[in-house]
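Here's a quick briefing to keep beside the viewer. Have a look at the structure first, then go through the points by topic.

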Amino acid sequence: MTVRMNQPTPAADGATPTRVVRAQLSATERLVEVAQELSLSRDLDTIMEVVRRVARELTGADGATFVLRDGDLCFYADEDAISPLWKGHRFPMTECISGWTMLHKEAAVIEDVYADARIPREVYRPTFVRSLAMVPIRTSAPVGAIGNYWAVRHRATEGEVKLLRALADLTSVAMENVNLYAELKRRMREAEDAVRAREEFISVAAHELRTPLTAMLLQLQRLEALSAGEVRSDASRRDECASRAVAAAQRFAALVDGLLDASRLTHGYIHLNLEDFDLASATREVIDRLASTAKRAGCELRLEAPSSVPGRWDLLRVEQVLTNLLSNALKYGAGRPVHVVVERRDDRAHIEVRDHGIGIPPEIAGKIFERFGRAGSISHYGGLGLGLYLARQVIEAHDGTIRFESRPSEGCTFSIDLPLRTVPDTQTSPPSTP
Amino acid sequence: MNELATVMVVEDDADISDAIASTLEDHGYCVIVAANGQEALDKLRQAPKPPHLILLDLMMPVLDGWQFREVQKGDPALADVPVVLLSAHVDIRSAANQLAAVAWLKKPVDLRALLEVVEECYKRTNGSMA
């Protein structure tokens, strides 16, 4: 639909009041249509497409531009004109008329661009423009401007400027709606992701909790059968049954602790109980504790460490981090050696855990320290997906850093750097947002 | 109890496979344990005789239960060995249908249910064990 409503005032051309009223009515009707079109716009491109076209229709101008504020620059984002203007160009706010309009929060009407000091003449010389009118979008805090251009000398009438202002107001509302719509969509996507992650987590958590529960239940029922004489029994078999049931119960308790820990970290702060200890010895102890798991996984655990690396940290938390990293290395690097390095580097302690397993696929590398992040598919590798999340929280609470390097199918190296003495005022720290 | 009745337990969690193996051994079964689908296939191919029954977990490293079943069904020497699913999978019933398992047991599994299913499956496919 092409409607030309260039409507000079009666004083300018002697038009009859009836013609003026008809023209005003026609322009108003067009603005109502535009309001409907803009209200349905869901993105900025659609708004610009509507506005650049309608801006010309309303005033009968030879060209229209849609300018967006981009920091201290004016970005000529779109245009509709008899020949090219400045689409895609950026000009400093202080060196173009759209910038002047936005900075002064008022319309500019220029009958002869070559006679106005606000106009950069060199920029206009290659164009058809002789006259222009420019209005800001959102007068209170302009986010852009709409320009009209004429090839012949023309002073935009008060009516034309009013129409442009009305279009700018509609555009401002439409742009805010688009922003709100985009924000709403983003939040909905976040909410959907959160629900999906939670559902997946519940399913994974149920699976993980069932595993030690299954072992515990079977061992206890077996103990019951042995004690009742249902099957051949002796004291050592009953003892073995009982100790395996206890081990499964402890594993169950550790999983529950991990869940509660993650929940605490999400909702509050991590508290460190700092004490002086030797990191090399602590690492050796963790490796000893994991010896049977390493044997089952077919991994040799190799430690490279000096006799001692003394420092001040939270022993239980540091052991928890080491256990998580080593458990992952044994899980994902089964059948191959796992190297652990502990050393002092200037005023920091450095820990490395290197496996030769499946590695971390690049597409999930950015999420590996998030809650429920995991390197392998859930159908292949169990675990709550909390180990690295907890590790990062603990290391950052010590004012340290944790990072990894990995190539798929070649393994992964996790590196931790800790200040030798965590200072008391970092004993609590807010949780990192994943 | 027929002492030659052999059950293969394919389960990545050592605590569970230990508990199941001990329980079955208490009741006179001969048990072969494998930590994942690939290890199970290797052991099955090396064994002089296939087991009477396979207790199969689904979520395992290297080769999971679904992948194991696909290979097993494609191998004429192993295809006829009946499989009982043993998993915490949310929809274990449809997984069992999908994988043509003769039965399924949801974790945490009850010892008596385990023994009954193993006994029943063995009887159905191999005759009475008694």
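In α8(A), the residues A282(A), T283(A) and V286(A) meet a set from α10(A): L315(A), V318(A), E319(A), L322(A), T323(A) and L326(A). Sorted by class, that contact has 6 nonpolar, 2 polar and 1 charged residues. Bear in mind that this is a predicted model.

**How α8(A) and α10(A) cross**
- α10(A) covers residues 315–332, and its axis lies 10 Å from that of α8(A), at an angle of about 50°.
- As for handedness, the two helices make a right-handed crossing.

**The sheet in chain A**
- Five strands form an open sheet with mixed pairing, and reading across you get β9-β11-β12-β14-β13.
- β9 (301–304) and β13 (401–407) sit at the edges with a single partner strand each, so each has one side without a neighbour in the sheet.
- On average, neighbouring strands are turned by 15° against each other, ignoring direction.
- β11 (residues 338–345) and β12 (residues 348–355) run antiparallel and are joined by 7 bridges.

**A helix pair in chain B**
- α2 (residues 37–46) and α3 (residues 65–74) of chain B pack with axes 9 Å apart, at an angle of about 30°.
- Since angles under 35 degrees count as roughly parallel, α2(B) is roughly parallel to α3(B).
- From α2(B) come G37(B), A40(B) and L41(B), which meet G65(B), Q67(B), F68(B) and V71(B) of α3(B).
- That contact splits into 4 nonpolar, 3 polar and no charged residues.

**Where chain A touches chain B**
- How many residues of each chain are in contact with the other? The count is 26 from chain A and 22 from chain B.
- On the chain A side, α6 (158–227) and α7 (235–267) each supply at least two residues.
- α6(A) gives the most to that side, with 15 residues.
- By class, the chain A side has 13 nonpolar, 9 polar and 4 charged residues.

How values were computed:
Residues are numbered from 1 along each chain as its sequence is written. Chains are lettered from A and ligands numbered from 1 in the order in which they are written. This is a predicted model: local features need pLDDT of at least 70, side-chain atom pairs count only at pLDDT 80 or more; totals for chains, interfaces and linings use all residues. Two residues are in contact if their C-beta atoms, placed from the backbone, lie within 7 Å. Helices (H or I, at least four residues) and strands (E, at least two) are DSSP runs, numbered from the N terminus. Ala, Val, Leu, Ile, Met, Phe, Trp, Tyr, Cys and Pro count as nonpolar, Asp, Glu, Lys and Arg as charged, and the others, Gly among them, as polar. Two strands pair if DSSP finds at least two bridges between them. Axes are lines fitted to C-alpha atoms, for helices over the stretch in contact, and angles run from 0 to 180 degrees between N-to-C directions. Angles under 35 degrees count as roughly parallel, over 145 as roughly antiparallel, 65 to 115 as roughly perpendicular and the rest as oblique. A crossing is left-handed if the near helix is turned anticlockwise from the far one by less than a right angle, and right-handed if clockwise.
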